[in-house]
Each structure stands twice: as structure tokens, then as C-alpha cells.
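Hi everyone, thanks for coming. I'd like to walk you through a ligand site and its surroundings. Have a look at the structure first, and then we'll go through it together.

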Amino acid sequence: MRIGILGGTFNPIHYGHLRSAEEVYKELMLDEIRFVPSALPPHKPKDEVASADDRLKMVRIAVENYPTYVCDPVEVERGGASYTLDTLKELTRKIPDKNDMFFIIGADAFLELSTWHKPKEVLNATNFAVTLRGNQNTPEYFEMLLRVIQEIEPSYFINRFLKEVKSTDKKRVIKFIPITEVDISATRIRQRIKESSSIQHLLPREVELFIIRRRLYGHSGAVR
Ligand code: ATP
């Protein structure tokens, strides 16, 4: 099994997430994508962050009709701060051949890697698929991403032509994958709900109806 792990707040899940999952799935010839919604600190305002349970349900609803997409509650069930390293360790326990696991992450999030909990261990825990969209797919941006890796693991071997980086023992690979720009963010969706603007076609209809029914993010509950 070749598995892609797509972690996120999914507050809410939208077509940007689903499209990027699809493109990585095809490019890396994966068998399955696991969406892993994070647990969140409880002190955030309710109209900003939906509960872990609601975000989990929205991901479940969104992936329901795709046989190769699964929702994994590992972080929500663990609760507390969602450290990627703990999640990867837990998932690799479940999936025996960790060389066939890819952690999918947007280039913007990857740039922050050095601020994560134990970045060196995270980088060594699994393979990475770093997605590049729009203006992230430039040589300058790529060099910035490579600097992040070099600061954490100077011995990693960079192949600019193949757009990949390999660990010294060649067991781990970091692949950079240009994807179609889908200019949707969860922040913008929440903002639109606040402004009573339509969010149709930015996310699956079933997820939209869930948001309306549960009046998430301050939604008025009116169906259009
Ligand atoms: P927010 O706007 O609340 O910060 P978000 O829409 O960026 O949320 P996250 O749940 O934080 O979504 O993102 C999870 C992962 O999906 C990250 O790796 C992020 O880079 C990626 N991602 C988010 N939006 C898109 C998009 N439109 N296209 C491709 N990847 C995306």
C-alpha cells in the first residue's frame, strides 16, 4: 500500500484540499489518501474554529463518496496539541512499510517546518510530498524550501532536476509536486459566511449543508 497522509485543521474542508489530494494521488500513484483533522486547543472562539468533532464529521462527509479517500480520527481521538511527529509514529505503527507513506503538505506550511516540534525527527519519520501551487512553483520559492531542509538536515541530497531530496541512506524522499492552483482557503470560506455571502461550489454541497444545519462559523441557517 502506498498511502498519502493529508493533515490539516479542515476548518472546514474544501475543494482546495480535495483537488490537491487528487493530484498527489495521481502523481505518486498512491493507493489511498488519509485525511487527518487536527485536534485543537479549546480556547479558540467558537465562530472561528468548529469543534474537533464537527471538523471530523465534515471530512467524513467530504470523503464518503471516494473509495480511495479515508478520514482518520487519530489526532482528534488523541486530543490535546496535535504534534505531527506523534501522528506519524502512530500511523507508521499501523502501516508496516513506512517507506510507502507520504506526508502531504503545502509549500507554505513546509516553510514553517523548523518551528515545529522536533523538526529533524519529523523529517526522518516518513517521506514528504510538498505541493507547489501558483507562485510557489518558481525557482526562487524552491530554493527557499531547500534552505529549510538544509538547515534541518544538511546531509540530504538535493536533485533540482527531479525536484526531489533524498536522505543520505536513500530511505526517505521529499518530493515537490506542482499542483493546479485552486484559490480557496478555509479562512476565506469562514469570512464569506460572516458576510452572509454564498459559499456554494467552494466545498462539497453536503459539507455546506452540514455547516448550515449546525450553524457553524456564525451561519444564519438559511438554505439557498
Ligand atoms: P486556513 O485558511 O484556516 O488556514 P486552509 O484552507 O489553509 O485553512 P488547512 O486545514 O490549514 O487549510 O490546510 C491543510 C493542508 O492543505 C495544508 O498543507 C495546506 O497547505 C493545504 N491547503 C489548504 N488550502 C489549499 C488549497 N487551496 N490548495 C492546495 N492545498 C491547500
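Before we start, one term: a molecule sits in a pocket if more than half of its atoms lie within 2 Å of the pocket's grid points. Please also keep in mind that this is a predicted model.

So, where does the ligand sit? It sits in the largest pocket. That pocket holds about 1200 Å³ of space, and 48 residues line it, with Gly7, Gly8, Thr9, His17 and Ala109 nearest its centre. Elements giving two or more residues to this lining include S1, H1, helix H4 (84–94) and strand S5 (127–133). By class, the lining has 20 nonpolar, 18 polar and 10 charged residues.

Now let's turn to the ligand itself. There are 19 residues around it, and His14, Val182, Ile184, Ala186 and Thr187 come nearest. Strand S1 (3–8), helix H1 (15–27), strand S4 (101–106) and helix H8 (186–194) each give at least two residues to this shell. The shell is made up of six nonpolar, 10 polar and three charged residues.

Which atoms lie close to the ligand's oxygens? A backbone N or O atom of Thr9 is 2.9 Å from a ligand oxygen, and one of Phe10 is 3.0 Å from a ligand oxygen. From the side chain of Arg190, an N or O atom lies 3.1 Å from an oxygen of the ligand. On its own the ligand has 600 Å² of accessible area, and the protein covers 83% of that.

Last stop: the second largest pocket, with about 190 Å³ of space. Its lining has 13 residues, and Ser196, Ser197, His219, Ser220 and Ala222 are the closest to its centre.

Terms used
Residues are numbered from 1 along each chain as its sequence is written. This is a predicted model: local features need pLDDT of at least 70, side-chain atom pairs count only at pLDDT 80 or more; totals for chains, interfaces and linings use all residues. Side-chain values use heavy atoms; hydrogens and water are left out. A residue is near a molecule or strand if one of its heavy atoms lies within 4 Å of it. A polar contact is a pair of N or O atoms within 3.5 Å; within protein, one must be able to donate a hydrogen and the other to accept it, and residues adjacent in sequence count only if both atoms are side-chain atoms. Accessible areas come from the Shrake-Rupley method with a 1.4 Å probe; for residues, only the protein chains shown count as cover. On a 1 Å grid over the protein atoms alone, a cavity is a set of points where a 1.4 Å probe fits but cannot get out, and a pocket is an open set with protein on both sides within 12 Å along at least five of seven lines; lining residues have an atom within 4 Å of a point. Helices (H or I, at least four residues) and strands (E, at least two) are DSSP runs, numbered from the N terminus. Ala, Val, Leu, Ile, Met, Phe, Trp, Tyr, Cys and Pro count as nonpolar, Asp, Glu, Lys and Arg as charged, and the others, Gly among them, as polar. Grid points are joined across faces, edges and corners, and a volume is the space filled by probe spheres set on the points.
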